[in-house]
Amino acid sequence: MARENWRIYLQAYTASLQAKLEYRVDFLVSVATSMMMQAAALSLLWIVLGAVPMLAGWSPPQVLFLFGMTAICLGGSELFFNQIWTLPQAIVMGDLDRLLTYPVRALPFYLVTRPELHAFGNLLTGAAYVVGSLCWLHAAWYVWLGVPLFWLCGMLTYTSVLVWFASLSFRFIGPQLSSMMIGHNLLQATRYPLSTYPRFVRAVLLFIFPFGTFHYLPASVLFGKGAPLVALAAAPVATIVCLLLAQKAWDRGLKRYESTGS
Amino acid sequence: MSAVSPWRGELRAQAALFVRAARTNFAYKPAMLLGMATVGLGYAVPMLVWKQIYAQPRVHLPVPASQLFPYLLLAAALNFCSSMGVEWRVGQRIRLGLIATDLLRPVDFQLTQLAQALADVWLNTVMVLPFVGLSYLLWGRAALPHDAVAFAGFCASSLLALLIQFAVAFIFVQTAFITLSNYGIFVARAALQLTFSGVSAPLALFPPLLRGVAQRLPFCHTIYTPVSIYLGSISGRALVEALAIQAAWALGLLVLGRALLRLSLRYLDIQGG
């Protein structure tokens with residue numbers, strides 16, 4: 001049964017992606033503009049590192065690595081699980097009715113059925129930043145090997161946090177995305193080393209919304225910032241906890257779902 | 001029945017639209033509060049980064065910390081105040097074909113969009129006031145206008161900045177005639193605004209190459225110019241020149257937007273059924 005479910009998710013995802021790729025101008029515009037946005041974010045780093053050589057003890061290529069990891073996690077989430085952004089609207093419109101009749105788990109099916117094309121721009125730019133920074137740093141082979149694992153963890157952690165926030169829409173009904181933008185902005189905050197921030201903010205980004213676990217902590221270990229080796233395990237652990245909490249938040253929210261009258 | 005002049009009728013219609021749009025915006029209070037939290041969070045990041053830099057020993061930058069932080073907070077406040085849903089609103093109407101109905105109405109389409117955009121600004125201004133109040137608590141006199149002239153100049157400059165923001169958004173939204181999603185339009189403008197407006201740092205801190213480009217684009221006149229006038233960094237003759245440059249950008253971009261709309265409408269297909 002589980003195997004059958006995976007096949008259905010894959011088919012649904014492929015069909016949605018093909019439908020999106022039909023719009024070629026959209027594809028090109030989306031990719032170009034999301035790359036522009038990543039470049040815009042980098043402009044502040046350019047300004048900052050033009051003023052001082054190091055940021056909280058982190059060199060330019062090390063910060064660039066954090067920027068890149070954030071971008072590829074964002075891009076991955078947008079490419080595979082972007083439908084979560086439409087949940088508030090779907091609740092208002094009663095669009096979840098049909099989904100609930102499908103013989104598959106509702107949350108993963110819902111997540112994979114609306115890939116976003118601008119994801120490719122974030123993925124490409126992020127990958128360029130990561131590869132560029134690791135070359136610049138002459139990183140060891142095991143750092144290169146770790147990147148895909150931490151990317152996966154980051155993508156799933158970010159998506160889980162979005163599901164937490166999106167599930168609030170079952171309670172506070174309205175077509176707003178503001179709550180999910182909090183998750184998005186928190187992820188973007190981790191483009192800079194967490195040591196830049198006050199202790200309270202650092203704790204929030206490591207323990208409550210653990211975005212710091214998939215790039216800041218591994219980078220602290222791998223770039224010799226004095227973090228213990230065990231910190232490398234934080235990303236997979238945080239990902240599993242976040243995924244479980246996301247499923248719980250979704251299930252609790254769904255119990256409140258009342259559809260719409262007409 | 002007395003005849004109403006077309007201009008007066010237009011103005012009355014736009015004012016009524018502004019009031020309605022403002023009421024709609026204020027209707028979603030939880031969203032409004034969450035929006036405030038989100039925005040506060042977004043703008044806190046560059047501030048914390050700069051705080052870390054200025055805390056480092058032996059750092060000598062062209063802008064002292066006592067000026068930079070009031071600048072950043074006011075820039076963030078102004079940027080938020082002037083964020084308008086033009087791309088989303090117009091893009092949606094183009095996509096759904098509702099623009100055909102809009103164009104049949106006896107009011108000017110661009111002005112209608114401006115009235116709605118100003119309603120967005122009104123909502124944003126209310127949301128941002130607590131943060132501006134906070135700046136006075138944190139920095140006292142440094143966050144106050146430099147003098148009465150600076151304040152008057154800031155008011156005029158902010159108004160022109162709003163017009164520039166609207167005009168730029170109106171130009172970008174013409175892309176919605178050829179794309180399905182509004183995302184690209186919104187992000188492209190947001191990226192340029194973020195890079196060149198001076199919202200994350202005053203232009204004096206920009207690397208020379210970036211500063212040179214920023215000074216030749218309209219985006220710096222939406223944030224950097226009004227905030228610099230407020231803080232007294234632009235004064236006297238330079239203030240008058242800055243206002244004239246802003247007015248020229250606003251006028252030029254508004255006219256360009258109208259021309260582009262006319263051009264785009266030639267290629268507009270609306271599905272019947």
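This is a predicted model: local features need pLDDT of at least 70, side-chain atom pairs count only at pLDDT 80 or more; totals for chains, interfaces and linings use all residues.

Biologist: Within what distance do the axes of α7 and α11 of chain B come?
Modeller: Within 8 Å. Helix α7 covers residues 148-172 and helix α11 covers residues 237-266.

Biologist: Is the crossing of α7(B) and α11(B) left-handed or right-handed?
Modeller: Left-handed.

Biologist: Which residues meet there, in α7(B) and α11(B)?
Modeller: On α7(B), they include Gly153(B), Leu160(B), Ile164(B) and Phe170(B). On α11(B), Leu243(B), Gln246(B), Trp249(B) and Leu260(B) are among them.

Biologist: And by class, what does the contact of α7(B) with α11(B) have?
Modeller: It has 19 nonpolar and four polar residues. None are charged.

Biologist: New topic. How many residues does each chain put into the contact between chains A and B?
Modeller: Chain B puts in 37 residues and chain A 34 residues.

Biologist: Which element gives the most on the chain B side?
Modeller: α2(B), with 14 residues. Helix α2 spans 29-55. α8 (183-196) of chain B also supplies at least two residues.

Biologist: What classes of residue are on that side of chain B?
Modeller: 26 nonpolar, eleven polar and no charged residues.

Biologist: Last one, over in chain A. Is Ala19(A) buried or exposed?
Modeller: Exposed, because Ala19(A) has 12 C-beta neighbours inside 10 Å, and 12 or fewer counts as exposed. Ala19(A) lies in helix α1 (residues 2-21). Its C-alpha is 9.7 Å from that of Pro115(A), 96 residues apart in sequence.

Conventions
Residues are numbered from 1 along each chain as its sequence is written. Chains are lettered from A and ligands numbered from 1 in the order in which they are written. Two residues are in contact if their C-beta atoms, placed from the backbone, lie within 7 Å. Helices (H or I, at least four residues) and strands (E, at least two) are DSSP runs, numbered from the N terminus. Ala, Val, Leu, Ile, Met, Phe, Trp, Tyr, Cys and Pro count as nonpolar, Asp, Glu, Lys and Arg as charged, and the others, Gly among them, as polar. A residue is buried if 20 or more other C-beta atoms lie within 10 Å of its own, exposed if 12 or fewer, and partly exposed in between; C-beta atoms are placed from the backbone. Axes are lines fitted to C-alpha atoms, for helices over the stretch in contact, and angles run from 0 to 180 degrees between N-to-C directions. A crossing is left-handed if the near helix is turned anticlockwise from the far one by less than a right angle, and right-handed if clockwise.
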